Amino acid sequence: MLPLESVPNFSEGRDREAVDAIGAALGARARLLDVHADPDHNRSVFTLVGSEAELVDSLLAGIEAAMERIDLRRHEGAHPRVGVADVVPVVPVRPDDMERAKRVALELAAGIGEELALPVFLYGELAPGRGPAFFRAGGLRRLRERVEAGELAPEYGPGELDERSGAVLIGARRPLIAFNVNLRGDLASASAIAAAVRERDGGFPGVRALGLELPRAGLVQVSMNIEDWEAAALHHVLARVESEASALGAEVLGSELVGLMPGGAAAAAAGAALRIDGLDASRVLELRLLEPEAS
């Protein structure tokens with residue numbers, strides 16, 4: 001049985017001590033594989049794996065550490081957020097493990113509501129049709145207004161949103177790729193490119209995209225979540241970004257991966273770059289070793 005993965009996003013990317021403390025809390029109970037801290041986004045993304053019990057204990061400890069060190073009343077950053085532990089997905093490494101992921105996510109949600117007294121909203125496989133953007137539109141203030149108006153109610157925890165710590169979005173989802181492209185240009189260009197590639201505006205299936213300004217870096221960014229990398233290959237998305245940027249007079253300077261990515265997606269991109277027909281996960285030694293033997 002493979003472990004489950006979680007990729008919690010915390011609203012702190014500048015205070016190294018706070019990021020390290022959250023990482024230490026997470027890593028003491030599960031295996032911490034990666035930490036990506038971004039000062040312009042003012043956000044950190046942690047990647048960890050573990051058993052069901054290890055993930056629940058780890059995430060509760062990490063969220064508690066974040067509550068102690070992050071105050072949303074003093075927070076500012078390019079990335080939208082509604083909580084100190086903004087979004088916490090549980091991800092099956094194998095598609096067949098989605099039911100395990102959902103059970104763990106619900107156990108975690110209940111624990112956050114009961115032990116940490118934070119309001120929890122469900123998304124993804126736990127609330128089909130609702131993604132993080134459904135809750136983050138307008139930020140924490142707008143989410144609070146929707147709750148006070150009776151439009152929304154947390155599934156776990158208190159019915160009021162705390163100004164300091166906000167809410168937590170808990171979900172179960174397939175692996176996705178958080179992929180950003182940095183450009184020299186203006187925010188209007190980045191926003192136009194984001195509209196061209198995202199599914200909502202007729203772009204690639206399963207692609208969510210925003211144009212963001214990175215004032216510390218002096219750049220702009222097309223920030224993307226690629227939720228179905230088989231339907232929207234990375235090299236195709238990047239090629240479209242480059243084409244749109246060229247038409248708008250912007251310059252692509254590079255791209256970045258936030259967290260980890262599925263090996264199959266990396267193999268497909270490598271196959272395109274190397275012009276190897278049919279290079280996919282079945283041709284990668286380590287990925288083949290993870291497959292169950294045929295009975």
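With which residue does the side chain of Arg100 meet in a salt bridge?

Author: The partner of Arg100 is Glu52, and the salt bridge between their side chains has an N to O distance of 3.1 Å. The model is predicted, so local features are reported only at pLDDT of at least 70 and side-chain atom pairs only at pLDDT 80 or more, whereas totals for chains, interfaces and linings use all residues. Residues are numbered from 1 along each chain as its sequence is written, and side-chain values use heavy atoms, with hydrogens and water left out.

A salt bridge here means a side-chain nitrogen of Lys or Arg within 4 Å of a carboxyl oxygen of Asp or Glu. Helices (H or I, at least four residues) and strands (E, at least two) are DSSP runs, numbered from the N terminus. In these terms Arg100 belongs to helix α3 (residues 98-116) and Glu52 to helix α2, so that the pair links distant parts of the chain, 48 residues apart. Arg100 is buried, at 8%, while Glu52 is partly exposed, at 26%.

This bridge belongs to a total of 19 found in the whole structure. Another of them joins Glu76 and Arg14, at 2.4 Å from N to O. Because Glu76 lies in the loop between α2 (52-69) and β5 (85-92), and Arg14 in the loop between β2 (9-10) and α1 (16-27), the pair ties together parts that are 62 residues apart in sequence. Glu76 is partly exposed at 46%, and Arg14 is likewise partly exposed at 29%.

A further bridge, of 3.2 Å from N to O, connects Arg74 with Asp71. Through shared partners, salt bridges join Asp71, Arg73, Arg74 and Arg164 into one network.

Aromatic contacts form a second group. Rings of Phe, Tyr and Trp (its six-membered ring) are paired if their centres lie within 6.5 Å; planes under 30 degrees apart count as stacked, over 60 as edge-to-face and the rest as tilted. By this rule there are three aromatic pairs. Phe121 and Phe135 form a tilted pair, 5.3 Å centre to centre with 40° between the planes. Phe121 is in strand β6 (residues 120-124) and Phe135 in helix α4 (residues 132-136), 14 residues apart. Phe121 is buried at 1%, as is Phe135 at 0%. The rings of Phe134 and Phe135 have centres 4.9 Å apart and planes at 90°, so this pair is edge-to-face. Together, Phe121, Phe134 and Phe135 make up one aromatic cluster.

Phe134 itself is partly exposed, at 31%. The charged end of Arg146 sits over the ring of Phe134, 4.8 Å from its centre; the criterion is NZ of Lys or CZ of Arg within 6 Å of the ring centre and within 35 degrees of the ring normal.

Methods
Buried means under 20% relative accessible area, exposed over 50%, partly exposed in between (1.4 Å probe, protein chains only).
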